[in-house]
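Take a moment to look over the sequence and the model before reading on.

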Amino acid sequence: MNHTEFIQSVAAKPQMSPAQAEPITRAALETLAERITGGQARDLASQLPEELKGCLSFAGVNPEPFGLPEFLERVQARAAVDLQAATDGARAVFDTLREAISAKEYGDFIDQLPQDFRQLTGPSVNRMETRRVGT
């Protein structure tokens, strides 16, 4: 997925303009970089469009221990949007990440986040769900 496709995908989910999706995407990725390990941020960045890789470059060795409310407040402040736009945008970024990167990489970074972040991950994060025949 290239940069334009990534931003258009983020914009389409809560139906916002690409001009609004760009700063929200960058804010969400920058804030995510503060919450996951530096190694995980590098792994994630390696699968992103070139224009977005820098958003994850400031990751430290140890992640900052904050939950979803703090994550959304940081996205809101960085993107200069209201809390609802930050929440909808962050959810759209997570949805787009699930589509744009490998299932393993998506699961690896989600595993580093607290349980309350599952509100942003959509219906199922289980990568290895088994299906029973006939159900």
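Is Glu 99 buried, partly exposed or exposed? With a relative accessible area of 49%, Glu 99 is partly exposed. The cut-off matters here, because exposed means over 50%. Keep in mind that the model is a predicted one.

The side chain of Glu 99 forms a salt bridge with that of Lys 13, with 3.2 Å from N to O. Glu 99 belongs to helix α6 and Lys 13 to the loop between α1 (3-12) and α2, so this pair ties together parts that are 86 residues apart in sequence. Lys 13 also counts as partly exposed, at 34% relative accessibility. The whole structure holds 10 salt bridges.

Now turn to helix α5. It runs over residues 68-79, which makes 12 residues. From the first C-alpha to the last, α5 reaches 16 Å, close to the 16 Å expected at 1.5 Å a residue. Which residues of α5 are buried? They are Leu 68, Phe 71, Leu 72, Val 75 and Ala 79. These residues lie on the same side of α5, because they cover an arc of only 95 degrees around the axis. Pro 69 and Ala 77, on the other side of α5, are exposed. What do the buried residues of α5 pack against? Their partners are α2 (18-35) and α6 (83-100). Just after the end of α5, Ala 80 takes a positive phi of about 55 degrees.

Since Glu 30 lies in helix α2 and Arg 78 in helix α5, the pair ties together parts that are 48 residues apart in sequence. Both ends are partly exposed: relative accessibility is 30% for Glu 30 and 36% for Arg 78. Another salt bridge joins Arg 74 and Glu 34, at 2.7 Å from N to O. Here Arg 74 is in helix α5 and Glu 34 in helix α2, so parts that are 40 residues apart in sequence are tied together. Glu 34 has a relative accessible area of 19% and is buried, because the cut-off for buried is under 20%. Through shared partners, salt bridges join Glu 30, Glu 34, Glu 64, Glu 70, Arg 74 and Arg 78 into one network.

Arg 74 has a further neighbour, as it lies over the face of Phe 66 at 4.0 Å from the ring centre. Arg 35 lies over the face of Phe 66 as well, at 5.9 Å from the ring centre.

Phe 71 sits in helix α5 and Phe 94 in helix α6, so the pair ties together parts that are 23 residues apart in sequence. Both of these residues, Phe 71 and Phe 94, are buried. Phe 71 also pairs with Phe 117: the centres are 5.2 Å apart and the planes at 70 degrees, so this pair is edge-to-face. Phe 117 lies in the segment after α7 (103-111), so its pairing with Phe 71 of helix α5 ties together parts that are 46 residues apart in sequence. Like Phe 71, Phe 117 is buried. Together, Phe 71, Phe 94, Tyr 106, Phe 109 and Phe 117 form one aromatic cluster.

Technical notes
Residues numbered from 1 in each chain as written. Predicted model: local features only at pLDDT ≥ 70, side-chain atom pairs only at ≥ 80, totals over all residues. Heavy atoms only, no water. Helix = DSSP H or I, 4+ residues; strand = E, 2+ residues; numbered from the N terminus. Expected span 1.5 Å × (residues − 1). Buried < 20%, exposed > 50% of the residue type's maximum accessible area, 1.4 Å probe, protein only. Arc of directions from axis to C-beta. Contact = heavy atoms within 4.5 Å. Salt bridge = Lys/Arg side-chain N within 4 Å of Asp/Glu carboxyl O. Phe/Tyr/Trp six-rings, centres within 6.5 Å; stacked < 30°, edge-to-face > 60°. Lys NZ or Arg CZ within 6 Å of the ring centre and 35° of its normal.
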